[in-house]
Amino acid sequence: MTRVVVLLSGRGSNFRAIAEAGLPIEIAAVISNRPQAAGLAWARERGIPATALDHTEYADRAVFDARLADEIERHRPDLVVLAGYMRILSAAFIARFEGRLLNIHPSLLPMFPGLKTHERALAEGVKVHGCTVHFVTADLDHGPIVIQAAVPVRADDTPETLAARVLAQEHRIYPQAVRWFAEGRLAIRDGRVNLQDDSTSQSVLVPEG
Ligand code: GAR
């Protein structure tokens, strides 16, 4: 079984989608930098080890990230999943987990890295928006792309309605990406992800539908 540690900061709906997808993984621990994160409470109710590490109690990012990395490694993960983890990670942290660190981002990267992606997509007038699962590298929101889902933008969309439709797709693609990782099917070459043994010719782009 692939041992997974999940990092989150809030609601935890992507964590729940992964936990409930029947994947060949063991969620060894959930860790949040926010003690009140709903995702932590959900994990505890299900007997999944859940830890809060409050970043406000640490002197700076380097000290916090070193403590966080030690806590993660205690659980001997094969994979670390960022599921709405809303803090920038230091380069030293990323180097410790590179190649086994996934993130989900609510846009079709490399468009709209950073925050407020749905507002920015609407302001630009893009007709297609979406979400991306990617390996994390030191280059913020620019690591090798594993899978993306496209979501058509409607004329009457608000950031909230668009976010809701994108989130529904996040809940499809993140479990899929974790499954591929657990099956050993994700190879990174020249900064790009190759999906191995793709005999079903499953597309890496999953349009809404
Ligand atoms: C998700 O929409 C995720 O894509 C986003 O935060 C939300 C977390 O929701 N992540 C980022 O913006 C990372 N830069 P969740 O806690 O319900 O999974």
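Here is a short tour of two places in this predicted model.

Residues count from 1 along each chain as its sequence is written. Local features need pLDDT of at least 70, side-chain atom pairs count only at pLDDT 80 or more, totals for chains, interfaces and linings use all residues, and side-chain values use heavy atoms, without hydrogens and water.

**Stop one: Asp157**

Select Asp157, in the loop between strand E7 (145-152) and helix H6 (159-182); helices (H or I, at least four residues) and strands (E, at least two) are DSSP runs numbered from the N terminus. Asp157 is buried at 11% relative accessible area (buried is under 20%, exposed over 50%, partly exposed in between, with a 1.4 Å probe and protein chains only).

Now show Arg165: its side chain makes a polar contact of 2.9 Å with that of Asp157 (N or O atoms within 3.5 Å; within protein, one able to donate a hydrogen and the other to accept it, and residues adjacent in sequence counting only if both atoms are side-chain atoms). A polar atom of the Asp157 side chain also lies 2.8 Å from the backbone nitrogen of Arg154.

Next, select Met86, in the loop between strand E4 (79-82) and helix H4 (91-97). Met86 is exposed, at 59% relative accessibility. Beyond neighbours within four places in sequence, Met86 is in contact (heavy atoms within 4.5 Å) with Ser9 and Leu115.

Ile88 sits in the loop between E4 and H4 and is partly exposed at 48%. Colour Arg61, Asp65 and Leu140 to see what Ile88 touches, not counting residues up to four places away in sequence.
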